[in-house]
Amino acid sequence: MIRFDQVSKQFPDGTRAVDSLDLDIREGEFFVLIGPSGCGKTTTLKMINRLIDLTKGTVWINGKRISDYNIHELRWNIGYVLQQIALFPHMTIAENIAVVPELIGWSKEKITSRVDELLAMVGLEPAAYRQRKPSELSGGQQQRVGVIRALAADPEILIMDEPFSALDPFSREKLQDDLLEIQRKIKKTIVFVTHDMQEAMKLGDRVCLMNQGNVVQVGTPFELINEPVNSFVSDFVGGHHKQVDIMEWVSPLTENVSSWSAKDAVPANTPPYDILERLTRVSVVPVEQNGKVVGLIRKESVLEHLANDFKEKRLHV
């Protein structure tokens, strides 16, 4: 979907922000870029839609060089959400959402339908919100509008640059949940920059940890926690690569026990990484003890468990 091939960016003052970057982002995945300040993550993001031009190498989207796209065509197909929400204050919410669809020539009826669909998707009743001005909304509501405005023309790709970092913790967590729910429905390719490891682990299908313009490790949250490639990764994720008891992840059976066979279950002493690897392919793993299914491990429960672990230890890097 998106491929960086030996991409470098050097600014006129000699600063090399990105150095020979090779990266593949898959269609439909939630891909998170994280790393220390100045590591090159935002520069990498902005090279996707040519807000920053690369110095060397090639960025490909769907097998085509981004330099071969018409710049307007490229950006219309890439929704962009900033930390600074940047809604037009003199426009209504509906008018803000409609900006790109109008530019590309959608009919008035199609735009109206799309605006109402998107407002409803994020829990903002269209009749109550479409004619309001941005100043009449809370910060969290404005950021919801920022997200759906980026989705208005149904782009293939959504890039997001620390979109929730200015929000209070409650609003931030709610927006994260909303974004995950939206992604379940629309399956866009999302590239998301954050400095918050808890946020990265909660949202990302895969996480790319960068340092000094280079990729240090790319993997699922489980892989970064359990198989860090070096001490920088293990320190950055907070030492969460330690082994845990998988029974902490098990929830009691609520479904008919007969629907779960012990022969399809994993033993209670299965190594955590084996469970995590299996959860990359399925959403539920039954667990057995003494030949009897005793509970289920669900992907979302494990992610919530890991996210809460980060929160409790205040591992905001």
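This is a predicted model: local features need pLDDT of at least 70, side-chain atom pairs count only at pLDDT 80 or more; totals for chains, interfaces and linings use all residues.
Q: What does the secondary structure of the chain come to?
A: You get 13 helices and 13 strands.

Q: And how compact is the chain, going by its radius of gyration?
A: The radius of gyration is 21 Å, close to the 20 Å that the globule rule gives for 317 residues, so the chain is as compact as a globular protein of that length. Along its principal axes, the C-alpha trace spans about 65 × 50 × 35 Å.

Q: How much of the chain counts as buried?
A: 48% of the 317 residues.

Q: OK, contacts now. Of those between residues at least 6 apart in sequence, what share joins residues at least 24 apart?
A: That share is 65%.

Q: Switching to the surface: what's the accessible area of the chain?
A: About 15200 Å², with 48% of that belonging to carbon and sulfur atoms.

Q: How many positive and negative side chains are there?
A: There are 37 positive and 43 negative ones, and the centres of the two sets lie 3 Å apart.

Q: Let's zoom in on T280. Where is it?
A: T280 sits in the loop between helix 12 (272-279) and strand 12 (284-289).

Q: Which residues does T280 contact, leaving aside neighbours within four places in sequence?
A: T220 and F222.

Q: And how far is T280 from D205?
A: The two are 75 residues apart in sequence, and in space 9.0 Å apart, C-alpha to C-alpha.

Note on methods
Residues are numbered from 1 along each chain as its sequence is written. Side-chain values use heavy atoms; hydrogens and water are left out. Helices (H or I, at least four residues) and strands (E, at least two) are DSSP runs, numbered from the N terminus. The radius of gyration is taken over C-alpha atoms; the globule rule is 2.2 Å times the number of residues to the power 0.38. Buried means under 20% relative accessible area, exposed over 50%, partly exposed in between (1.4 Å probe, protein chains only). Contact means heavy atoms within 4.5 Å. Accessible areas come from the Shrake-Rupley method with a 1.4 Å probe; for residues, only the protein chains shown count as cover. Lys and Arg count as positive and Asp and Glu as negative; His and the chain ends are not counted. The place of a charge is taken as NZ of Lys, CZ of Arg, CG of Asp or CD of Glu.
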